[in-house]
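Here's a quick tour of a two-chain model, meant to be read with the structure open beside you.

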Amino acid sequence: MKIVGCDLHTRYQQIAMLDEETGALGNVVREVDQNGNTLSDYFYLGSERMGRATPTGMWFYYGDHLGTSRVITDGSNVCYDADYFPWGGEKKVFVNTCPQNYKFTGKERDPDMSVDYFGARMYYFGMGRFYQPDPVAATPLHVIDPQRWNLYSYALNNPLSYTDPDGRDAAAVNFSSMVASLGHEGILSIHSDGSATYARFGPASKDLKGGYGMNEPGHVDVVTPDRLPVVQFGADGLPTQASYDDLQKALAAIEGVDASTVQINYFKTSDADASLLDTWIAQQHQAASTSNRYRFCSSNCAKFTLNGLVAGKAITPAQTAGISVVPNALFFQLAPFASQSKPQPKVPTEQVDHKIIFDPGQMAD
Amino acid sequence: MRIASKPHRIVLAVVVALLIVVVTGLTCLVLRLYWASSIPARPRTLPANAIWVPAPPVPFDLERRGDWLSCWVDRQQKVNRCRVSDCGGATKYEGDLLPLSGAGPIPEQRLRLKPVTTTMELWMWSDSAKRDVPIVRLTDGTVLLPANGYEELKRRLERDQNDTAPPS
């Protein structure tokens, strides 16, 4: 009798023994066996894998513009060299004396099932499709852009230009208690590695001479990623609750308000869209001091945030029609378009100073 | 001279009362705006070298937003300590700080805090502390970093400086 699946069982047992540690950006930084012995350490520059160290040697990765590991060397010799099809399959492997599993866009490939692990979903490069639908709730962009209609498609069906890094998004941040409870608004650009840039538009000063900031030269302030927490994404591709909390705390300290008054409308966009937002923020930062005048009722922080969301393709220009430029109203008007909205808690969190002890004896009756 | 009739007097009284309410309200608003945009008096609990760090400006701001930053030398622990307080003097952060380069503690006579434009330049997120921590700059160019998470902050700050340095 032929026993089918014996090899498979052994192989999965080996995989089960393997454990992985992930770094702050969600990349695998170490693989250990069941005894805790290190099998491999991985090194990164930003989110790009640069090297792998094992007890027996060191390897260096050379990626293309998508982050696919095209060549690997052991310091002196090429030990892996391959060409890839656009959708991620290996077209031709010229050299492969150092087998490893990090391939298309640097994602881990399961050699048995021929799928790539993209964090929230598994991707089959043979079909150029994910095995699971997009876990992010439909946004207006899904309706407007036909390439987003298929929830199984990869990178808007443009795999040579875009990647699907499970990140790179935009968020509108609302500070509800500021400006006499009319609120204040700023914008976040979140990158594939979880790093975030915060930009806000305001008057250059708020003294009597400038009408307490009502009509003054404008100023775009940009907070670089080094000053903000790195966003961690959950299985649904959206920031985890802990990440939201950290962002709220960091942004509250910057604006000088209480963290409980910070609310976030989060928009999932594509890799290319977030690049557009970064470029737009940089342009506004350059231009603000010379051309953008701050006007309380028309050219204000809410208008700036709306323009940023349009530039980053989080919303369409048509959707901005009729939207209020009062920041606190803007938060609620943007909520239907957002992938997720995190309003401030209605009831302040209370300090719990007692434990409820469950006594099974009391349930006997 | 004609004296206004009773109904007219009532209307006049209402108009005058409304005017008084509006003028008083506007005066209170202007005074509040002036108060909010002025630098608050240093709370008595803070040392004399404390500086006021305003939050980035927004228009029509009725609240005082910003932080007091003060530093001193803890002679017993032989370390610099800094405290960030809100405008009322309530402590938001207090901890030991170490210089970015060179040995500490920085003596009292050199501990002159460099004015900070806004709170955007004061705070930096610390992954290890899971909170915002202050980055303190002195007038002689010395930078002080919180001892808790020092290596991480130093790495981030140096990367930040490299990113923003003009090309040579």
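Start at Glu31(A), which sits across from Ser40(A) of S3(A). Keep in mind that you're looking at a predicted model. That residue pair belongs to a stretch where strand S2 (residues 28-32) of chain A and strand S3 (residues 38-45) of chain A run antiparallel, with three bridges between them. Five residues link the two strands of this hairpin, and Gly36(A) there has a positive phi near 90°.

| Strand pair | Sense | Bridges |
|---|---|---|
| S2(A) and S3(A) | antiparallel | three bridges |

Zooming out, chain A holds seven helices and 19 strands. Of its 365 residues, 37% are buried. Looking at contacts in chain A with a separation of 6 or more, 53% come from residues 24 or more positions apart.

Now for the partner. How many residues of chain B are in contact with chain A? It's 25 residues of chain B, meeting 30 residues of chain A. On the chain B side, the elements that each supply two or more residues include helix H1 (6-37), strand S2 (66-74) and helix H3 (150-164) of chain B. By type, that side of chain B has 13 nonpolar, three polar and nine charged residues.

Terms used
Residues numbered from 1 in each chain as written. Chains lettered and ligands numbered in written order. Predicted model: local features only at pLDDT ≥ 70, side-chain atom pairs only at ≥ 80, totals over all residues. Contact = placed C-beta atoms within 7 Å. Helix = DSSP H or I, 4+ residues; strand = E, 2+ residues; numbered from the N terminus. Nonpolar A, V, L, I, M, F, W, Y, C, P; charged D, E, K, R; others polar. Pairing = 2+ DSSP bridges. Buried ≥ 20, exposed ≤ 12 C-beta atoms within 10 Å, placed from the backbone.
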